[in-house]
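This report describes one protein model, region by region. Please look at the sequence and the structure first, then read on.

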Amino acid sequence: MTPSGKRQPQAWTHESLQREVDALKDEPGAMLPILHAIQDRCGYIPEAAVPIIAETLRHTRAEVHGIISFYHHFRSHPVGSHVVQVCRAEACQSVGSRQLEAHVKQQLGVDYHQTSRDNEFTLEPVYCLGNCACGPSIRVDDEIHGRVTAEKFDRLVDRLTTSILEVQ
Ligand code: FES
């Protein structure tokens, strides 16, 4: 992350992916730590990582794909500079997250699992951020925001967009 909060995924090569896998392959239950490490580094799990993980851990590629698709957290596609997650779980729904969700989609011009045309925002659903008492809750990159209204969300986007412009 830069001081503006802009994500800085690193470029990957076959060798760098293999290094990430090798560094964690002997951990108990190595699959999840490896997937987290790769996503932290690249911003997503590149398709090229799947055969490397499968061969190193002696799993099938289908098993690796199964784990990536089972966990909402893992992405198999690149994301924008900022990832916005809107909580869709019950406590947030009871205080208006569905209306907020509609506003967020309209404001960013995307649906879930899509990235805005300027490549700045990717929108994802999430099911509880552990901030239920302060819903509706969203997470933007690594920061959780509570009691989010449409106005508060717009201010947040303005701030992020302004900081993006300032670093260009
Ligand atoms: S239900 Fe939304 S943070 Fe828990």
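## Backbone features in the loops

P136 sits in the loop that runs between β3 (121–126) and β4 (138–140). The model is a predicted one, and in it the peptide bond joining G135 and P136 is cis, with an omega of about -5°. C128 is also placed in the loop between β3 and β4. Although C128 is not a glycine, its phi is positive, at about 85°. C128 is partly exposed, and its relative accessible area is 36%.

H113 belongs to the loop between α6 (97–108) and β2 (114–115). Its phi is near 70°, which is a positive value in a residue other than glycine. H113 is exposed, with 54% relative accessible area. As background, most residues other than glycine have a negative phi, and most peptide bonds are trans.

## Overall layout

How many helices and strands does the protein have? The secondary structure comes to 7 helices and 5 strands. Along the sequence, these elements follow the pattern α-α-α-α-β-α-α-β-β-β-β-α. The protein is divided into domain 1, covering 14–70, and domain 2, covering 82–167. The C-alpha centres of domain 1 and domain 2 are 29 Å apart.

The C-alpha trace spans about 50 × 40 × 25 Å along its principal axes. Of the 168 residues of the protein, 46% count as buried. The protein exposes about 9400 Å², and carbon and sulfur atoms supply 50% of this area. Among contacts between residues at least 6 apart in sequence, 62% join residues at least 24 apart.

## Helix α2

Helix α2 consists of 12 residues, 31–42. Does the distance between its ends agree or disagree with the span expected of a helix? At 1.5 Å a residue, α2 should span 16 Å, and its end C-alpha atoms are 16 Å apart, so the two values agree. After α2 comes G43, whose phi is positive, near 90°.

Which residues of α2 are buried? They are M31, I34, L35, A37, I38, Q39 and C42. The cover over these buried residues includes α1 (14–24), α3 (49–57) and α4 (61–70).

## Nonpolar cores

The largest nonpolar core has 21 residues. Those with the most contacts inside this core are I34, L35, I38, I45, I53, V64 and I68. The elements giving two or more residues to the core are α1, α2, α3 and α4. Another core lies apart from it and has 16 residues, among them V86, L100, V110 and V148.

Which residues does I34 touch, leaving aside its neighbours within four places in sequence? I34 is in contact with V21, L24, K25, I53 and L57.

## Loops on either side of α2

G29 is in the loop between α1 and α2. G29 is exposed, with a relative accessible area of 59%. The C-alpha atoms of G29 and L57 are separated by 9.9 Å, while the two residues are 28 residues apart along the chain.

E47 is in the loop between α2 and α3. At 51% relative accessibility, E47 counts as exposed, because the cut-off for exposed is over 50%. E47 and H77 are 30 residues apart in sequence, and their C-alpha atoms are 8.6 Å apart in space.

## Cysteines

A disulfide is a covalent bond between the sulfur atoms of two cysteines. How many disulfides does the model contain? When a disulfide is taken as a pair of cysteine sulfur atoms within 2.5 Å, the count comes to 0. C134, for example, is in no disulfide, and the nearest cysteine sulfur, that of C132, is 9.3 Å away.

Are C134 and C92 buried or partly exposed? C134 is partly exposed, with a relative accessible area of 25%. C92 is buried, with a relative accessible area of 3%. The cut-off behind these labels is simple: buried means under 20% relative accessible area.

Notes:
Residues are numbered from 1 along each chain as its sequence is written. This is a predicted model: local features need pLDDT of at least 70, side-chain atom pairs count only at pLDDT 80 or more; totals for chains, interfaces and linings use all residues. Side-chain values use heavy atoms; hydrogens and water are left out. Buried means under 20% relative accessible area, exposed over 50%, partly exposed in between (1.4 Å probe, protein chains only). Domain bounds come from an automatic or database domain assignment. Helices (H or I, at least four residues) and strands (E, at least two) are DSSP runs, numbered from the N terminus. The expected span of a helix is 1.5 Å times one less than its number of residues. Contact means heavy atoms within 4.5 Å. Accessible areas come from the Shrake-Rupley method with a 1.4 Å probe; for residues, only the protein chains shown count as cover. A nonpolar core is a set of buried Ala, Val, Leu, Ile, Met, Phe, Trp, Tyr and Cys residues joined through side-chain atoms within 4.5 Å.
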